[in-house]
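I opened the model to look up a few things for my notebook. The entries below are in the order I made them.

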Amino acid sequence: MQDHRDEERAAVAALGTAERASEVIRELIDRPLPPGLYLVATPIGNLSDISLRALAVLARADLIAAEDTRHSQKLLTHFGIRAKLAPYHEHNAERERPRLLAHIKAGRSVALVSDAGTPLISDPGYKLVREALDAGLLVTSIPGPSAALAALTSAGLPTDTFLFAGFLPPKSGARRTRLAELATVPATLLIFETAPRLAKSLADMAEVLGPREVAIAKELTKLHETVTRGTLDRLAGELSNSETLKGEFVVVVAPPAENEAELSDERIVEQLKKALKVESFRDAVRSVAEVLQVKRARVYELGLTLDRKRD
Ligand code: SAM
C-alpha cells in the first residue's frame, strides 16, 4: 500500500516537473534573442544533459554554426528544432568567420556548437570569439556539459586548483617534453586522450610525472561510463597489456606531492636510470632534476655513483 502511494506521489511530481519545465522553455522561446554570438554547450553523450536555455537559444538562433552539421542535426532533430545550420570547423574557419561575423553585424543571432560539450574547449571557436569581441559584438556563453569538468568532479582528486592541458602531443618525444613542463605545476592536471593513444600516453605520464594518483574517466554520461582510479605506474602497467581500447577518455592526474623536494635517493636513481636509456648523462640529470624538483647537483652526484657501480 505504502509502495503504491509512493509511486503515485512520484508520478504526480514527475508530471509537475515536466509541465513546469515546458512552461519555462516556452517563456524562454517567447523572448526575442538579441543579435550576437551564443556559445552553446551540448551533451557529451547523454542527450538529456542539454539545458533549457541551450534548447531555447538553439530554437531561436538565426543560424547555428556547427563543427559537423550532420552530427548536430541529430541533436536538433531529437529536440524538434528546425534550424539553419552552417559548418564551422578548422578547415573552413578562415573563410567562414567573416560571414558569421557579418550575420551578427546585420542584426542576426548566431549560435556556435561543437560535436560535444563546450565550444572552444579543444574545439573551434576561439578566433571567432576574439574577432566578435574586437568588433564590439555581443558574445555570451550558455554553459553546460564539458568532459573536462565532469571528469574532474568525479575523479576524487583535488579540485581547488586544476590545469586543463587539452590533448598532449601525439609523438612520445614531444609528449614527454610537454609533460616535463607540466610536472612541476602545483595543480590537478586534466588531459584529453584518444583511445588508440591512451596506453602509450599513460606510460609517458608514469615515467615523467612519477607514481601519482590518477583517475581515468571513460565514456562519461554514456551507458558504459567508468572512472578507474589508481596510480599512474599501476594503471599504465595494466593498460600496456590490454587489447585495443575504445571510447573517449579524460585523464585526471593528482598534483605533485608537496614534499617532492625531499624525495628518497632511490626514487631519483630509479628516474635517472629510465632517463639514461633515452638521454645523455647531462640531459638526463637536467630533466630528472626538473621533473622531480630537486637540485641538479644532487641528481648529478647520484648519477656518478651509478656510473661508478657500472665500472
Ligand atoms: N569540447 C568538448 C568538451 O567540452 O567536453 C571536448 C572536445 S575534444 C575534441 C574531445 C575529447 O573530449 C575526447 O577525445 C575525450 O578526451 C573528451 N571527451 C569528450 N566526450 C567525452 C566523454 N563522454 N567521456 C570522456 N571523455 C570525453
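**Entry 1: the ligand.** I started with Ala147, where a backbone N or O atom lies 2.7 Å from an oxygen atom of the ligand. The list I used counts a polar contact as a pair of N or O atoms within 3.5 Å; within protein, one must be able to donate a hydrogen and the other to accept it, and residues adjacent in sequence count only if both atoms are side-chain atoms. Ile44 has a backbone N or O atom 2.9 Å from a nitrogen atom of the ligand. For Glu219 I noted a backbone N or O atom 3.5 Å from a nitrogen atom of the ligand. The protein covers 91% of the 570 Å² of accessible area that the ligand has on its own. Such areas come from the Shrake-Rupley method with a 1.4 Å probe, and for residues only the protein chains shown count as cover. Which residues come nearest to the ligand? Of the 19 residues around the ligand, they are Ile121, Asp123, Ala147, Leu220 and Phe249. A residue counts as near a molecule or strand if one of its heavy atoms lies within 4 Å of it.

**Entry 2: what I am looking at.** This is a predicted model, in which local features need pLDDT of at least 70 and side-chain atom pairs count only at pLDDT 80 or more, while totals for chains, interfaces and linings use all residues. Residues are numbered from 1 along each chain as its sequence is written, and side-chain values use heavy atoms, with hydrogens and water left out.

**Entry 3: Ile44.** I went back to Ile44 and found this residue in the loop between β1 and α2 (52-60). Helices (H or I, at least four residues) and strands (E, at least two) are DSSP runs, numbered from the N terminus. Is Ile44 buried or exposed? Ile44 is buried, with a relative accessible area of 11%. Buried means under 20% relative accessible area, exposed over 50%, and partly exposed in between (1.4 Å probe, protein chains only). Not counting residues up to four places away in sequence, Ile44 touches several residues, including Ala116, Gly117, Ala147 and Leu220. Contact means heavy atoms within 4.5 Å.

**Entry 4: the sheet.** Five strands form an open sheet in the order β3-β2-β4-β1-β5, and the pairing is parallel. β3 (85-87) and β5 (139-142) stand at the edges with a single partner strand each, so one side of each has no neighbour in the sheet. On average, neighbouring strands of this sheet are turned by 25° against each other, direction ignored. Two strands pair if DSSP finds at least two bridges between them. Strands of a sheet pair through backbone hydrogen bonds, either parallel or antiparallel.

I then checked single pairs. Strand β1 (residues 36-40) and β5 run parallel and are joined by four bridges, and Leu37 has Val139 in β5 as its bridge partner. β1 also pairs with β4 in the parallel sense over four bridges, with Gly36 opposite Ser109 in β4. Four bridges also link β2 and β4 in the parallel sense, and there Leu63 has Val110 of β4 as its bridge partner.

**Entry 5: strand β4.** Why is β4 largely enclosed by the rest of the structure? Five of the five residues of β4 are buried, so the strand is largely enclosed. Ser109, Ala111 and Val113 point one way from β4 and Val110 and Leu112 the other way, and all are buried. In a regular strand the side chains alternate between the two faces of the sheet.

**Entry 6: helices on the sheet.** Helix α3 (residues 69-78) lies across β2 (63-66), β3 and β4 (109-113), running at about 155° to β3. Helix α5 (residues 126-134) lies across β1, β4 and β5, at about 150° to β1. Axes are lines fitted to C-alpha atoms, for helices over the stretch in contact, and angles run from 0 to 180 degrees between N-to-C directions.

In α5 I picked out Ala132, which counts as buried at 0% relative accessibility. Ala132 touches Leu37, Leu101, Leu137 and Val139, not counting residues up to four places away in sequence. Ala132 and Ala147 are 15 residues apart in sequence and 26 Å apart in space, C-alpha to C-alpha.
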